[in-house]
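I opened the notebook to look up a few things in this fold. My notes follow the display.

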Amino acid sequence: MVLYEYPFNESIRTMLRLEHLFDRLGALLERDAALDHHFALVTLFEILDVASRADLKSDLLKELEKHKAQFIAYRGSPGVDESRLNEAISRIDGAFQRLNALNGKTGAALSSNEWLMSIRSRISIPGGTCEFDLPAYYHWQQLLPVRRRKDLMGWAQTLMPMAEALQVLLGLLRDSGTPHKVAAHAGQFQQSLAAGRVFQLLRMRIDPSLGLIPEISGHRLMVSIRLMRQDEEGRLKLAAEDTGFELTLCA
């Protein structure tokens, strides 16, 4: 089954984008080619761009604090597994402490590195990192993979507390939803959202063999999904058949 996720607000959208970038960075770091390490550095700069919002770090800290308070309130409640509850609280508290220990804005240590910033200033220019533009960067690319990886992991390490906080918060959000089977009739599905509940994330799983592409839209009162099929020229057209898929709404 292919998983699609749709955020209902800008905060979750930003968190999903950062998670996507951290996943890509992790995959590229495992490889040895200089080209892969070049794109690992590109990804590192993309993370800095997304994380440069002045209030992002404080927003994540507030969310971690809120979740910790909610979990602490469950202590002593009947039917609650205290060991699992304490484990969740410990995980949240650890992520909070490590993110809070970072001085200044996220990525401040990287932004003060003149060599990295000289690459960052040219990396968005088409062909701007040729050896005659940045000979020192070209020299770095000729080093052994183990040396390049060590440098990259050292730079990435300063961003890992944010990655951990995102992993904890998005994991809690995803676990809050219950998947259920639904059906789109003639390629279209709509569902009214329960009043008084604020959903933050929609998760949809669909069989890839169907060859369908979902177009998802939604707000606090309604969610809508159109199942599209791509023709030979790449144009999307609404599927005519009824189709079942799995839907999860996370609050």
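How many residues does helix 3 have, and how far does it reach from its first C-alpha to its last? I counted 17 residues, 56-72, and a reach of 24 Å. That is close to the 24 Å expected at 1.5 Å a residue. I keep in mind that this is a predicted model.

**Helix 3, buried side**

Next I looked up burial. Leu 56, Lys 57, Leu 60, Leu 61, Leu 64 and His 67 are buried in helix 3. Seen down the helix axis, these buried residues fall within an arc of 135°, so they line one face of helix 3. They pack against helix 1 (10-29), helix 2 (34-51), helix 4 (82-100) and helix 9 (160-175).

**Cores**

I then turned to the nonpolar cores. The largest has 46 residues, and Leu 41 and Met 162 have the most contacts inside it. Among the elements giving two or more residues to this core are helix 3, helix 6 (114-123), helix 7 (135-141) and helix 8 (145-157).

What does Met 162 touch, leaving aside its neighbours within four places in sequence? I found Leu 18, Phe 22, Ala 51, Leu 56, Leu 60, Leu 99 and Thr 106 in contact with Met 162. A second, separate core has 19 residues, including Val 182, Met 204, Ile 225 and Phe 245.

**Whole protein**

I closed with the totals. The protein has 9 helices and 8 strands. Its C-alpha atoms fill a box of roughly 60 × 60 × 30 Å along the principal axes. Of its 251 residues, 39% count as buried. The accessible surface is about 14,000 Å², and 53% of that belongs to carbon and sulfur atoms.

Methods: Residues are numbered from 1 along each chain as its sequence is written. This is a predicted model: local features need pLDDT of at least 70, side-chain atom pairs count only at pLDDT 80 or more; totals for chains, interfaces and linings use all residues. Side-chain values use heavy atoms; hydrogens and water are left out. Helices (H or I, at least four residues) and strands (E, at least two) are DSSP runs, numbered from the N terminus. The expected span of a helix is 1.5 Å times one less than its number of residues. Buried means under 20% relative accessible area, exposed over 50%, partly exposed in between (1.4 Å probe, protein chains only). The arc is that of the directions from the helix axis to the C-beta atoms. Contact means heavy atoms within 4.5 Å. A nonpolar core is a set of buried Ala, Val, Leu, Ile, Met, Phe, Trp, Tyr and Cys residues joined through side-chain atoms within 4.5 Å. Accessible areas come from the Shrake-Rupley method with a 1.4 Å probe; for residues, only the protein chains shown count as cover.
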